[in-house]
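Q: Could you walk me through one part of this model, the sheet and the helix that lies across it?
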Amino acid sequence: MEKLIKRICITAAIAALIAIGTFIYHFGLGFASNIGNWGAVGDFFGGVLNPTFALLSLILIAYTLMQNKKALEQSEKAIEQGTKAIEQNEKALQVSNKELELTRDELANSATALEEQAKLLAVQSFETTFFNMLELHNNILKSIEHNPNKSWGLFYKEFGKGTNAHTENIDSSGSRAIYSLTKQLGSLISNARTGNNALQVFDIIFAYENQSFGSFFRNLYQVLKLIQSNTNDYETHKKYSNILRAQLSNQELSLLFFNCLSSEVDGGQFRNLVIYFKLLEHLNIKYDNYRNKFNITSPDITVTIELVEKYLVIDESGKLSTSAFGENPQLIQYCKGKGYLN
């Protein structure tokens, strides 16, 4: 563009010089004598130079228009290319969004899978501990030994002469030892001289036999604590507590009944767990309406109403909220008679 302008300017200058040179060659130098001659001079230069300059201007304008056209075409191409680039970017963004969405879904699925895996591992870890503790419970039960005659001197000292109790000089172990201890407990409670306070009788027996039986109850308590700490789901709690309850014989439940009420055990935490899990639901217990007492069978142990009602939770309206005996029909019948149930 700059070269063309220079060439046009040079051409215009040459044309002007030629016109001036031609004028001087024919007419010489000097000033015209009248106004008419001045007009003729102007007409000469206007007639010679104006078409030349006009032609050069047209050439310049045409060239400028051509350049502008090319520039517009290039701009249109650039705009078209820019539009295509934008479309490609939009497609790339759409693909990226889809990839991000798929990645997000995959991460969500991975997080869900990890969460499920963590839950499964937690359940497996809990169940491993739970069943190991059940196995320990059975091993402790097998290791228990009892001979009622060996502790008779203690009872004689505590309760005095005339005390009749189950005192066969028989060494027993495991579930048989539990039965022997339960029978001894029932015999002492039923004795007129010793049965005024059943818990006192149990505390005396337990103090002497704690070395053999203490770990049995402590492990049982820890199993219940483990179940309760597993989840906040009561149905899950019942699932595992029912497995534990199925391992307990009627004699074990009988001793558990007294153990959780003993002042030598704790401040009631064990009893609360027994109530929460309804652990005494299958205890063989009957209400004697004539004597106004309860009787645990196999072997027989007389239990007062006051002790039984310690396992009943009565709300402010005087109605039964829950109990350690669950759906035990004997206790349901008793509670209906007392007005605890509608």
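Which strands does helix H7 lie across, and at about what angle does H7 run to S5?

A: Happy to take a close look! This is a predicted model, in which local features need pLDDT of at least 70, side-chain atom pairs count only at pLDDT 80 or more, and totals for chains, interfaces and linings use all residues. Residues are numbered from 1 along each chain as its sequence is written, and side-chain values use heavy atoms, leaving out hydrogens and water.

Helix H7 (residues 250–259) lies across S4 and S5, and runs at about 35° to S5. Helices here are DSSP runs of H or I with at least four residues, strands are runs of E with at least two, and both are numbered from the N terminus. Angles run from 0 to 180 degrees between N-to-C directions, with axes as lines fitted to C-alpha atoms, for helices over the stretch in contact.

Now the sheet itself: three strands form an open sheet, ordered S3-S4-S5, with antiparallel pairing. Strand S3 (285–288) and strand S5 (301–303) are at the edges with a single partner strand each, so one side of each has no neighbour in the sheet. On average, neighbouring strands are turned by 30° against each other, direction ignored. Two strands pair if DSSP finds at least two bridges between them; S4 (residues 293–296) and S5 have three, in the antiparallel sense. Within this pairing, Phe-294 has Val-303 in S5 as its bridge partner.

Another helix joins the picture: H10 (residues 329–338) packs on the sheet and touches S3 and S4, its direction making about 30° with that of S3. Contact means heavy atoms within 4.5 Å.
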